[in-house]
Amino acid sequence: MRGSLLVDNIGELVTNDIGGEGGPLGIRRHAAVLVEDGQVAWVGPARDAPAADRRIDAEGGAVLPGFVDSHAHLVFAGDRAAEFAARMAGEPYTGGGIRTTVGATRAASDDELRDTVRRLRAEAMRQGSTTIEIKSGYGLTVADEARSLRIAAEFSEDTTFLGAHVVPAEYADRPDDYVGMVCGPMLAAAAPYARWIDVFCERGAFDVDHARAILACGQAVGLGVRVHANQLGPGPGVRLGVELGAASVDHCTHLTDADIDALASHRVDCMCPDGVHTTTVATLLPGAEFSTRSPYPDARRLLDAGVTVALATDCNPGSSYTSSMPFCIALAVREMRMTPAEAVWAATAGGAAALRRTDVGRLARGARADLMILDAPSHLHLAYRPGVPLIRQVLHNGVPQCRP
């Protein structure tokens with residue numbers, strides 16, 4: 001649609017544009033937003049709103065930036081509901097079920113994989129996620145990793161090469177050979193479709209030496225670094241991520257004082273609640289803890305140390321089969337001692353920081369016009385009314401999406 005669009009009659013506008021007013025979320029009351037050419041062109045009091053070609057009446061509801069889901073695994077085939085049921089019956093989570101999905105994904109056609117990504121991307125959009133990172137990692141052959149990323153790139157600007165998810169069964173006794181393939185032909189085939197490289201640096205997956213080698217190879221061809229770290233227990237993943245200048249270390253369930261000190265040590269100026277953010281973001285994935293009955297990360301400890309925190313869904317068929325950022329916000333507030341404002345910031349601007357994006361996660365002039373209108377007067381209701389479908393309308397690139 002061409003022309004300008006005015007969203008007005010907004011009860012509470014969350015801008016994440018910190019300028020001394022509106023608290024940590026840059027909240028404005030009785031505001032309006034003008035959209036032109038897919039971008040935010042003006043934000044201000046509704047009484048001063050300029051004329052526009054079209055109008056959306058927010059009916060007194062809250063308007064927020066679209067969620068930025070910075071960690072998701074959407075390219076897969078198969079179902080692991082039985083594995084979930086077994087965990088709920090008391091079996092521990094070890095990460096071993098990843099290989100089950102690998103087998104199903106290899107056997108699926110391109111169209112079957114594409115249909116799954118399309119379905120989950122639409123599902124996430126209906127729940128307010130206008131930006132979503134998509135990883136590979138369920139192919140683990142040269143051809144399957146390349147096609148996973150090629151399909152992912154049809155749906156996201158932020159695609160991540162995760163050939164180092166686990167060592168596949170055919171290389172179980174030859175992990176060094178698999179690492180060599182990841183760093184060689186697999187990376188060469190995957191890199192044209194990827195913005196990022198990631199490694200599952202964890203017991204049962206990749207040790208710190210293998211992880212460092214793989215990430216360094218990715219950096220050498222221009223990919224940014226992300227790390228799955230410290231999910232199943234304490235380990236070197238977080239500090240490796242900081243050492244390599246990773247944009248994000250994800251999970252962060254089991255952290256030592258040294259891990260937190262490393263995360264908090266490098267800070268840069270930004271439009272964040274305290275005026276700075278840490279160069280490596282700690283991305284927390286409470287859906288995984290919910291689905292595996294594992295301890296939740298201590299978000300309060302990270303925040304109090306000055307670490308920048310993001311929230312993401314970790315949407316995947318095994319350990320966190322949810323595409324709902326509102327659900328993750330509610331978990332973060334209830335289980336991880338975040339305030340509602342901290343959780344909303346982490347799910348929007350925090351996710352943008354984890355992807356090193358400045359065009360999303362906020363509503364200010366020049367930002368991408370990604371926003372949601374709540375059927376509620378305040379952002380507080382996302383945690384206050386868990387499980388309730390509060391998102392009335394979503395705009396992506398200034399274009400209204402189908403209503404939920």
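Keep in mind that the model you see is predicted.

**Exercise 1.** Work out what span helix α6 should have at 1.5 Å a residue, and compare that with its end C-alpha atoms.

*Solution.* Begin with the helix itself: α6 covers residues 208-220, which is 13 residues. The expected span counts one less than the number of residues, each at 1.5 Å. That gives 18 Å, and the end C-alpha atoms are 18 Å apart, so the two agree.

**Exercise 2.** Find which residues of α6 are buried, and where they sit around the axis.

*Solution.* First, list the buried residues: His-210, Ala-211, Ile-214, Leu-215 and Gly-218. Next, look along the axis: these residues cover an arc of only 120 degrees, so they lie on the same side of α6. Finally, turn to the other side, where Asp-209 and Ala-220 are exposed.

**Exercise 3.** Describe what happens at the N-terminal end of α6 and just after the helix.

*Solution.* Just after α6, Gly-222 has a positive phi of about 95 degrees.

**Exercise 4.** Decide why Cys-217 is in no disulfide.

*Solution.* A disulfide needs two cysteine sulfur atoms within 2.5 Å. For Cys-217, the nearest cysteine sulfur belongs to Cys-183 and is 3.4 Å away. The structure holds zero disulfides.

Terms used
Residues numbered from 1 in each chain as written. Predicted model: local features only at pLDDT ≥ 70, side-chain atom pairs only at ≥ 80, totals over all residues. Heavy atoms only, no water. Helix = DSSP H or I, 4+ residues; strand = E, 2+ residues; numbered from the N terminus. Buried < 20%, exposed > 50% of the residue type's maximum accessible area, 1.4 Å probe, protein only. Arc of directions from axis to C-beta. Polar contact = N/O pair within 3.5 Å; in protein donor to acceptor, adjacent residues only side chain to side chain.
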